[in-house]
Amino acid sequence: MEADIVVDLQYGDTGKGKVAHFLCKSKKYTHVLRYNGGCNAGHTVFHNGKKFVTHHIPVGVFWGVRSVIGPGCVLDPVQFMRELKELADGGVNVDGMVFIAKNTHVITEKHKAEDGNEEKLGTTRRGNGPAYRDKYARVGVRAESIPELKPYLIDLYDEFHGKKDVRILGEGAQGFGLDIDWGDYPYVTSSHCTVAGFLLNGIPPQAVREVWGVAKVYETYVGAKKFEPAEPIFEKIRTLGEEFGATTGRPRQVNWMEMHLLEEAIRVNGVTHIAFNKADILRAIGQWAILDGGVKKSFADEKSMQAFLVERLAKLGVAKDHIYFSEHKDRV
Ligand code: IMP
Ligand code: MG
């Protein structure tokens, strides 16, 4: 078994969907595995020039690769069926391509109703937190007990360990700053957003090859805590960068990229490759800066900021030629 992982180094919405879609096209995988989160996620993908937003279903489906929702996730059957239909209506062949591990927990109507009133954390109100709570309280419902999910159910042990040639791409959701343990608690999600969360889905650690960390050249966060400094530049970045939630449409708060968060995320995840997205947005704005432990450092131009990042990350052991800057929403 071999596995590569796509993992978010910030607060979600860094462009994991795009990177996973790209890797899936250029490499030969037998499976794409969503390993954490629920339909709180929104992954924007351009396929053959057409825009899709996925919530549950992994990007393998666009390339005819078996797409598996693992037991590290929680699944809303209603949203799942809706998404299958949306993809099919958009011309994507979903038949016999999408699977759910039978031990995956389900987001129920009750969970959604409860989360629907949430205000303190600013959740996506998709029932994510209550579903994980019930899973760990051992009063949850597994996918195997939902009749309409029967056609999609698989045993993940048989799927991954009973076959000869298994090459998996892990598609993470949310991000390091939202991780239940590593994020800014309680302003976090209820799942494991690091590579450890990938391993929880029945993957032996020796299988892991490449860990693709995804970040933006600036940060965004959606939720109740105050995140954005009161400076007009961030409004500009939000507008130009189209920083509005793919799931809820909420405006994302914007700030410069914090190096300390990035470095923690790189080390904890054992990142081997990095894709920085949205270089084109800072270029259009004409300002380049980062935060280093809260202290702002500005750069004269794009080249000097990129050189700084490459030097800094090389110190953490990330090879210089494994660091990419992307300037297109549908290309890496
Ligand atoms: P929950 O995951 O819906 O419980 O929300 C908890 C926090 O995580 C809130 O601040 C959400 O806005 C944030 N969040 C959850 N999923 C995503 C995502 O896919 N992208 C960005 N933020 C997310
Ligand atoms: Mg998103």
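Begin by selecting L9, I237, L262, F276, M305 and L313, which have the most contacts inside the largest nonpolar core, a set of 57 residues; such a core joins buried Ala, Val, Leu, Ile, Met, Phe, Trp, Tyr and Cys residues through side-chain atoms within 4.5 Å, where buried means under 20% relative accessible area, exposed over 50% and partly exposed in between, with a 1.4 Å probe and protein chains only. This is a predicted model, in which local features need pLDDT of at least 70 and side-chain atom pairs count only at pLDDT 80 or more, while totals for chains, interfaces and linings use all residues. Residues are numbered from 1 along each chain as its sequence is written, chains are lettered from A and ligands numbered from 1 in the order written, and side-chain values use heavy atoms, without hydrogens and water.

Next, centre on L262, which touches L9, A215, M257, F276 and L313, leaving aside residues up to four places away in sequence; contact here means heavy atoms within 4.5 Å. A second, separate core of 33 residues can then be picked out through V45, V59, I69 and C73, which are among its members.

Now select ligand 1, which 18 residues surround, the closest being N40, T124, T189, V222 and R250 (a heavy atom within 4 Å qualifies a residue). Among its polar contacts, pairs of N or O atoms within 3.5 Å, a polar side-chain atom of T124 lies 2.6 Å from a ligand oxygen, and a polar backbone atom of V222 lies 2.7 Å from an oxygen atom of ligand 1.

Finally, move to R133 in helix α4, residues 128–136 (helices are DSSP runs of H or I, at least four residues, numbered from the N terminus), where R133 counts as partly exposed because its relative accessibility is 41%.

Technical notes
Helix = DSSP H or I, 4+ residues; strand = E, 2+ residues; numbered from the N terminus. Polar contact = N/O pair within 3.5 Å; in protein donor to acceptor, adjacent residues only side chain to side chain.
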